[in-house]
Amino acid sequence: MNPIDFRRIDQHQLVEAVFCLSGGQPVDERLPERYQGKKADIVFAEANLIAEVKSLTSDRSIDGSVREKVGAVLAKGAAYGAPIIFGTGSINVNDLPTTVGERVVRVLGARARKVVIAAGRQIEQTRSILSMPEAYGLVAFISPAHVLGQQTLRWLIHDLLKKRGDFAGLDGAMLIQTPICFDGGGLVPGDTFSSLWSISGRPFPEGLGEMIGDAWVALTGQFSRPEDYEDFASHGMTE
């Protein structure tokens with residue numbers, strides 16, 4: 001394996017490198033010559049899985065128009081127990097009433113929802129062109145910790161499940177929060193948190209999660225340690 005210059009790759013390329021080290025192959029290497037249609041990023045032939053990697057690098061919570069929309073949601077949700085804020089403040093989505101929290105996540109997760117829809121279409125097309133109709137469809141998000149928290153993703157996946165028709169190409173979602181390779185930073189110190197979420201209820205290919213974890217360790221030098229989701233925050237995860 002050729003050494004990776006972490007200063008020259010971005011977070012999207014980091015995940016692709018990890019996936020390839022764990023048994024995946026770039027979809028481009030298996031496509032017909034001159035193919036110009038939609039396609040996913042990585043195929044795991046033996047595991048029968050197709051993955052599309054999506055990098056989220058902008059924090060929508062600091063966007064002025066997004067803040068206005070969130071403020072409107074909270075104002076309408078005051079009757080359900082949402083806080084009334086004068087001026088500015090920070091709110092954990094996890095602390096909001098369920099109905100209000102779902103609406104806030106729809107605002108904050110607008111971009112994530114769009115890329116999830118796009119990923120589903122890319123995976124569906126790749127299934128067809130590679131003749132893998134039963135392949136597990138995985139969308140893998142990678143972001144620095146401040147962009148999309150694990151709790152926000154849980155709310156988002158819950159929201160997606162209610163609209164299953166829009167995400168027919170997807171079986172699962174992976175979220176990786178890490179400072180590595182963000183904004184040209186290279187192999188910087190800082191913890192990485194990863195989690196796997198089911199969309200379709202279909203089981204993740206047996207053993208592949210461990211192989212991906214081992215590949216992450218081999219590339220980054222960060223040793224993995226399984227934890228319950230509820231314990232992530234105590235270790236510094238962004239909720």
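Me: Rings of Phe, Tyr and Trp (its six-membered ring) pair if their centres lie within 6.5 Å; planes under 30 degrees apart count as stacked, over 60 as edge-to-face, the rest as tilted. How many aromatic pairs does a search of the whole structure find?

Reply: This is a predicted model: local features need pLDDT of at least 70, side-chain atom pairs count only at pLDDT 80 or more, and totals for chains, interfaces and linings use all residues. Residues are numbered from 1 along each chain as its sequence is written, and side-chain values use heavy atoms, leaving out hydrogens and water. The search finds 2 aromatic pairs.

Me: Why is phenylalanine 19 called buried?

Reply: Buried means under 20% relative accessible area (exposed is over 50%, partly exposed in between; 1.4 Å probe, protein chains only). Phenylalanine 19 has 0%, so it is buried. Phenylalanine 44, at 2%, is buried too.

Me: How do you know that tyrosine 136 and phenylalanine 204 are edge-to-face?

Reply: The centres lie 5.4 Å apart, with 90 degrees between the planes. Tyrosine 136 is in strand S4 and phenylalanine 204 in the loop between S6 and H6, so this pair links parts 68 residues apart in sequence. Tyrosine 136 is buried at 2%, and phenylalanine 204 at 18%.

Key:
Helices (H or I, at least four residues) and strands (E, at least two) are DSSP runs, numbered from the N terminus.
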